[in-house]
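Thank you for making time for this at group meeting.

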Amino acid sequence: MSFFGPERGGKTGGGGLASEQNAAIDRRERLRKLALETIDLAKDPYFMRNHLGSYECKLCLTLHNNEGNYLAHTQGKRHQTNLARRAAREKQMEQPAVVAPTKKAPKVRTAPKIGRPGYKVTKMRDPETQQRSLLFEIDYPEIEEDIQPRHRLMSAFEQKIEAVNRHYQYLLFAAEPYDTIAFKIPNKEIERDASSGKFYYNWDKEKKTFTLHIFFKAKREEDEQQPAQPPPSGPPPPSGPPLPPPGPALPQGPAWPVQF
């Protein structure tokens, strides 16, 4: 037995239920009509008509055949999502950018130089260890406030004033506004242990005097003395005829040093 009555959920005389496709088409048509009544395309910044007579959405990069199709697109999910992204990006660009903290540039001193400081160098020797030492006393009467003199050693290969001599090194002293001065000292190892009292420096703020006392390391006796060569071993040379008597003496001239 068949049932010819109206479908469940339908209205008598209204036909059958619409499919999902037909419902979507009807919804888009209603949205298009509503958009035509409420939206002015002349004020839409993303609406553009190309040379072919069709319409384009500059935001979504889509192509439409007529204005109604474009208006239906503006009510869709894709266009609305792109509008939300564009609004969030513009809001982020309007916010002031966070500037990373910059490092302060070192202060460049522009005070003119006033010349070389006065100095005194004393050569000394330790009576117990026989170590040689040098005592430097540098006077800075016009030194700037809150400035302490600096010193450092420089090899002969760093400087560009004199010819390179690997047997010497340079000891530099610097303090504003005086010129930097350098002392040429032997290129020997220097004691660096301050606890032993053989490396001492001091800045006297009242007298404006910088003092530096350095000791050169003493060489060992076996390093300074060359080992004696052993006598040649083997049988004595064969005896021969006696040597002839010496000839006349040569005229004496200047004595030249002989290097071994």
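Let me begin with the open sheet of 4 strands, whose order is β4-β5-β10-β9 and whose pairing is antiparallel. Strands here are DSSP runs of E with at least two residues, numbered from the N terminus, and two of them count as paired if DSSP finds at least two bridges between them. At the edges of this sheet are β4, residues 118–125, and β9, residues 199–204, each of which pairs on one side only. Neighbouring strands of the sheet are turned by 10° against each other on average, direction ignored, where axes are lines fitted to C-alpha atoms and angles run from 0 to 180 degrees between N-to-C directions.

Please keep in mind that this is a predicted model, in which local features need pLDDT of at least 70 and side-chain atom pairs count only at pLDDT 80 or more, while totals for chains, interfaces and linings use all residues. Residues are numbered from 1 along each chain as its sequence is written, and side-chain values use heavy atoms, with hydrogens and water left out.

Going through the pairs, β4 and β5 run antiparallel and are joined by 8 bridges, with Y119 standing opposite I138 in β5. The hairpin of these two strands has 6 residues between them, and Q130 there takes a positive phi near 60°.

Which strands form the open sheet of 3 strands? They are β1, β2 and β3, in the order β1-β2-β3, with antiparallel pairing. Because β1 (47–49) and β3 (62–64) stand at the edges with a single partner strand each, one side of each is left without a neighbour in the sheet. In this sheet, neighbouring strands are turned by 30° against each other on average, direction ignored. Between β1 and β2, residues 55–57, the antiparallel pairing covers 3 bridges, and R49 has Y55 in β2 as its bridge partner.

There is also a hairpin of β7 and β8, with 6 residues between the two strands. β7 (168–174) and β8 (181–186) pair in the antiparallel sense over 6 bridges, and I185 in β8 is the bridge partner of Q169.
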